[in-house]
Amino acid sequence: MERHRNIRLGIVGSGRIAERTMSEVKFVSGITATSVFNPRLSSAKVFAQRFDLATAFDNYENFLNEVDGVYIASPHETHYEYARLALLAGKHVLCEKPMVLRENEARELYDLAQRTGLVLMEAIKTAYAPSFLNLLAIAKSGRIGKIYDVEATFTKLVPNDPGAREYIPTVGGSFTELASYNLLPILKLLGTKFNDLRFDCFKGHNGVDIYTKAYFRFDDAIATVKTGIGVKSEGQLLVSGTKGYIQVKSPWWLTKTFEVCYENYEHNESFSAPFPGFGMRFELADFVRNISEMSRRNYKLTAEESITMASIMEKFLHVTR
């Protein structure tokens, strides 16, 4: 009965990410967006009318009573409390990145989800994309040999508007906004146990980083993350091994095509897979499957990886703010 019940999804937040997700939900069977929550009821009502949702709420408890699961697309600093209250109310949670900005908060949420048998997933859409999953499989297969280096870059130019979430002094900046994507291939390919991490960054007038480089050192590998909201760079992913390398050209986080390259370029191989729309449909499909098939749950982004991302975000904010 649980497998065939349509999941009522509530949307937390009504900004541009929530709007993109609404365009993706209709492509996923077994789930229907029914409600939206925003502390400003007027915004919730506009969103509900635009996307033909049944109800709009400014009271979170009442909102939770009407849904089976929530998709959290609110500002970063609100994720923890919204996710915690949803899990305590017995609701499954799909939360936009970064899920939280402190390691202890991530651990608490995953512990709570495990104790209650609920699904908790961090919504980094690249983690669920078919081509990216294929890239991981090829890299781990040994086709490019032993991996010694992973470099990932994501930059976008954001106008310096004090009202923009990217420039919020406490939690804004390029690293909190974009680094989740870049951390994904590093943790997937090199693991979560790094020995050293340091940051270099340039800050804007209000103290947020407009360009950051993070350097990781593992036992036998290194990795680099580059993020920017005021500096533009080539947004590629490069995985270097002893037999060859894998390159995903910009924008690598919307992984459609990648190339496996060798010393003899005539042996190079290209791979591709669909990445339709905004890409959220893949994570939504996994969310549905993990809810509907409890005994076969398989998390493409694990709790350990998500907790490690939160710990990295926490360290970055501690040393740069």
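Is T212 buried or exposed? In this predicted model, T212 has a relative accessible area of 0% and is therefore buried, the limit for that class being under 20%. The residue belongs to strand β9. Its side chain forms a polar contact of 2.8 Å with the side chain of D209. Beyond its neighbours within four places in sequence, T212 is in contact with S174, F175, F199, D200, C201, V225, K226, T227 and F316.

One of these partners, F316, is also among the buried residues of helix α9. Helix α9 covers residues 303–320, 18 residues in total. Its first and last C-alpha atoms are 26 Å apart, close to the 26 Å expected at 1.5 Å a residue. The buried positions of α9 are E305, S306, I307, T308, M309, A310, I312, M313, F316, L317 and T320.

Two packed helices are described by the angle between their axes and the distance between the axes. For α7 and α9 the angle is about 135° and the axes lie 10 Å apart. The two helices are therefore oblique to each other, and their crossing is right-handed. On the α7 side the contact involves F175, T176, A179, S180, L183, L184, L187 and K188. On the α9 side, the residues that meet them are E305, T308, M309, I312, M313, F316 and L317. Both F175 of α7 and F316 of α9 take part in this contact, and both also touch T212.

T21 is buried, with a relative accessible area of 1%. When residues up to four places away in sequence are not counted, T21 touches Y71, M280 and L284. Helix α8 comprises residues 280–292 and packs against α1 at an angle of about 70°, with the axes 9 Å apart. The two helices are therefore roughly perpendicular to each other, an angle of 65 to 115 degrees being counted as such. The contact is made by I17, R20, T21, E24 and V25 of α1 together with M280, R281 and L284 of α8. The crossing of α1 and α8 is right-handed.

How values were computed
Residues numbered from 1 in each chain as written. Predicted model: local features only at pLDDT ≥ 70, side-chain atom pairs only at ≥ 80, totals over all residues. Heavy atoms only, no water. Helix = DSSP H or I, 4+ residues; strand = E, 2+ residues; numbered from the N terminus. Expected span 1.5 Å × (residues − 1). Buried < 20%, exposed > 50% of the residue type's maximum accessible area, 1.4 Å probe, protein only. Polar contact = N/O pair within 3.5 Å; in protein donor to acceptor, adjacent residues only side chain to side chain. Contact = heavy atoms within 4.5 Å. Axes fitted to C-alpha atoms, helices over the stretch in contact; angles between N-to-C directions. Parallel < 35°, antiparallel > 145°, perpendicular 65-115°, else oblique. Left-handed = near helix turned anticlockwise from the far one by under 90°.
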